[in-house]
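Please look through the structure below with its charged pairs, helix contacts and database annotation in mind. The report that follows takes these topics in turn.

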Amino acid sequence: MKSSVTTATQQPKQPAKRSLTVKGETQRPEQSTPQGEHDHFFWTYTEEPHRTRRQAIIKAHPEVTKLCGPEPLTKYVVAFVVSLQVFCAYLLRDKPFLSWPTFLTAYIIGATSNQNLFLAIHEISHNLAFRSPLANRVFAVFANLPIGIPYSASFRPYHLTHHKSLGVDGLDTDLPTAFEALFLDSVGGKAFFCTFQILFYALRPMFVYQLPLTKIHLFNVVAQLVFDYALVQLIGGKALGYMILSSFLAGSLHPCAGHFIAEHYVFEKPSKDAMNAANKIPIPETYSYYGVLNFFTYNVGLHNEHHDFPAVPWTRLPKLNKIAHEFYDDLPTHKSWVNVIWQFIWDKDVSLWCRVKREEGGRRVGGGNGWNEEDLGHNEKKGPIPGVL
């Protein structure tokens, strides 16, 4: 089956004298695998690539650090989308919940809008809506309202840990578990995963490790319950049903949902040479997409750029790519998120096993001792810290 991944060369390369430092990659030996013969992830013993590339880009193009900082436009986009969802719920108040008008509106407008809000919360988690960390926390709760279920407060520490601990087993909750990979390793299983992937991403973190509850978690829950109650009382129960249906479809078989899989799954089967640690051939573990759906998703498709510079907001990621294009031109990319979902389901060589994992490195963010400035990616006197979260 034709791959959705395009590469300029057989193996991605970096500019001369700016290449990533790679100590060697290989699959994890069977004898040291907790899951034994059932573990078929791509195990590596190298540092994740983004920190190394970030340092090289800053050295070659120091002006990229000026791209860091909040984007004022974000709050206006979020306010518009939240208002749009409330307006749609109002217009559908007299329509049967199980009807084509409700379903099509939820799929075309609602799912696209709530996917936009998912990624607004992702953006806000990096302190890129306001300079004040507290303002970002509160605004994320506001962006959460049309989603119907409180999750913004929990998403942030899990997501920042994903950045700090990319691929680290037991820390990166974006990684599927061996249980998921084993029991969903079929066309039907992968189709089930794609249909219900929003539930996997919502529930999986709690099975990996649990976060301590904080005041912002309580605020998130109370604000969401008050909004949901007001929605039901003022518009009707169908309004809340529309919001939750929109959230489900946003993480199901929807074009924008392709980004969940496109970002870190390995679609090109590594060669035997790449599996030999002695050859020191890296296996790409982050993929970008430069298509039109970025318009609706805060440029999340520019995912290598985002992981390299989490403090650069969505509006400036294209400029980052333009300035440091020599670092990105030869990295593998996806041309279509729709094709990503299609290939993931039907290609026998692509499955939940196709993720790069590492045993060590990284750290957990928000472990109960409060946030520090590095975790926040923000310094009250100097503003966002280039290269951190």
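## Salt bridges

Which side chain meets that of Glu-47 in a salt bridge? In this predicted model, the partner is Arg-51, with an N to O distance of 3.5 Å. Glu-47 counts as partly exposed because its relative accessibility is 41%, and Arg-51 likewise counts as partly exposed, at 39%. The structure holds eight salt bridges, of which two others are described here.

Asp-308 forms a salt bridge with Arg-53, and their closest N and O atoms are 2.8 Å apart. This pair links distant parts of the chain, since Asp-308 belongs to helix H12 (residues 303-308) and Arg-53 to helix H1 (residues 49-60), 255 residues apart. Asp-308 is buried at 0% relative accessibility, and Arg-53 is buried with a relative accessible area of 2%.

Arg-355 forms a salt bridge with Asp-174, the closest N and O atoms lying 2.9 Å apart. Arg-355 sits in the loop between H15 and strand E5, and Asp-174 in the loop between helices H5 and H6, so the pair ties together parts that are 181 residues apart in sequence. Both Arg-355 and Asp-174 are buried.

## Contact of H7 with H15

The axes of helix H7 (residues 187-195) and helix H15 (residues 337-346) come within 7 Å and cross at roughly 145°.

## Annotated transmembrane regions

An unreviewed UniProt entry lists several transmembrane regions, including residues 104-122 and 134-153. Residues 104-122 are 100% helix, with end C-alpha atoms 26 Å apart, whereas residues 134-153 are 65% helix, with end C-alpha atoms 12 Å apart.

Definitions and conventions: Residues are numbered from 1 along each chain as its sequence is written. This is a predicted model: local features need pLDDT of at least 70, side-chain atom pairs count only at pLDDT 80 or more; totals for chains, interfaces and linings use all residues. Side-chain values use heavy atoms; hydrogens and water are left out. UniProt positions are given in the numbering used here, feature names are shortened, and annotations may be inferred rather than shown by experiment. Helices (H or I, at least four residues) and strands (E, at least two) are DSSP runs, numbered from the N terminus. Axes are lines fitted to C-alpha atoms, for helices over the stretch in contact, and angles run from 0 to 180 degrees between N-to-C directions. A salt bridge is a side-chain nitrogen of Lys or Arg within 4 Å of a carboxyl oxygen of Asp or Glu. Buried means under 20% relative accessible area, exposed over 50%, partly exposed in between (1.4 Å probe, protein chains only).
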